[in-house]
Amino acid sequence: MVKRVAAVVMVTACAVGSAAGQGPAPAARDEATHRITVRTDEVYTGTLNMVITDGKVSGTMRITDPMEITGKLAGTASAGTIKLDFPFYVTAEKCSGSVKMDVKLPDAPGAAKGTVVALGCEGEADKMSGTVEITPVAQKSAR
């Protein structure tokens, strides 16, 4: 179960990548919400709230299905790629792990895809890898 959680965390992190856009990272952007899907031996879904400032990525990840996994995003955005490396927390297991994601941003607005490697609550014994997809959520405008 811990391996599954690690995979979900990885997918979530990759989702953040789609907000960065191609080319050099912008000086600053508003927070953007994304749906994240991580695929390993199971499928994990949730949301990412991400901010890119001066090439640095921050924000939060919250996987909600099949379990709750949370994390504070940390990484970089440059030349159409987002690289994340951050700790996560598995609520039900009351334990932590770490995840690394490399997400390639699309040429046009849409889903960003990449790879994930996570070390679950048991470290190397709980290592998982897979893919991640991050899709922007349309922002509602105030009327």
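This is a predicted model: local features need pLDDT of at least 70, side-chain atom pairs count only at pLDDT 80 or more; totals for chains, interfaces and linings use all residues.
Student: Why does Lys-94 count as exposed?
Tutor: The relative accessibility of Lys-94 is 69%.

Student: Where does Lys-94 lie, and what makes its phi worth a mention?
Tutor: Lys-94 lies in the loop between S5 and S6. Its phi is near 55°, a positive value in a residue other than glycine. Most residues other than glycine have a negative phi.

Student: Which other residue has a positive phi without being glycine?
Tutor: Ala-79 does, with phi near 50°. Ala-79 is found in the loop between S4 and strand S5 (81-90).

Student: Is Ala-79 buried or exposed, and how do you know?
Tutor: Its relative accessibility is 58%. The cut-off for exposed is over 50%, so Ala-79 counts as exposed.

Student: What makes the peptide bond from Asp-65 to Pro-66 stand out?
Tutor: This bond is cis, with omega near 10°. Most peptide bonds are trans. Pro-66 lies in the loop between strand S3 (56-65) and strand S4 (69-78).

Student: How do you know that Cys-95 and Cys-121 form a disulfide?
Tutor: Their sulfur atoms are 1.6 Å apart. The rule asks for cysteine sulfur atoms within 2.5 Å, so the pair of Cys-95 and Cys-121 passes. By this rule the count comes to one disulfide. The link of Cys-95 and Cys-121 is right-handed, with 65° about the S-S bond.

Student: Which parts of the chain does this pair tie together?
Tutor: Cys-95 lies in strand S6 (residues 95-104), while Cys-121 lies in the loop between strand S7 (112-119) and strand S8 (127-136). The pair therefore ties together parts that are 26 residues apart in sequence.

Student: Why do Cys-95 and Cys-121 get the labels they have?
Tutor: Buried means under 20%, and partly exposed runs from there up to the exposed class, over 50%. Cys-95 has 16% relative accessibility, so Cys-95 counts as buried. Cys-121 has 23%, so Cys-121 counts as partly exposed.

Student: How do you know that S6 and S7 pair?
Tutor: Pairing needs at least two bridges. S6 and S7 have seven bridges, in the antiparallel sense, so these strands count as paired. Met-101 stands opposite Val-116 in S7.

Student: What do the strands build together?
Tutor: Eight strands run S1-S2-S3-S4-S5-S6-S7-S8 as a closed barrel, with antiparallel pairing. Neighbouring strands of this sheet are turned by 30° against each other on average, direction ignored.

Student: Which residues have the most contacts inside the largest nonpolar core?
Tutor: They are Met-61, Ile-69, Ile-82, Met-101 and Val-132, in a core of 28 residues. S1, S2, S3, S4, S5, S6, S7 and S8 each supply at least two residues of this core. S5 gives the most, with five residues.

Student: What share of the chain counts as buried?
Tutor: Of the 143 residues of the chain, 41% do. The accessible surface of the chain comes to about 7200 Å², and 51% of it belongs to carbon and sulfur atoms.

Notes
Residues are numbered from 1 along each chain as its sequence is written. Side-chain values use heavy atoms; hydrogens and water are left out. Helices (H or I, at least four residues) and strands (E, at least two) are DSSP runs, numbered from the N terminus. Buried means under 20% relative accessible area, exposed over 50%, partly exposed in between (1.4 Å probe, protein chains only). Axes are lines fitted to C-alpha atoms, for helices over the stretch in contact, and angles run from 0 to 180 degrees between N-to-C directions. A nonpolar core is a set of buried Ala, Val, Leu, Ile, Met, Phe, Trp, Tyr and Cys residues joined through side-chain atoms within 4.5 Å. Accessible areas come from the Shrake-Rupley method with a 1.4 Å probe; for residues, only the protein chains shown count as cover.
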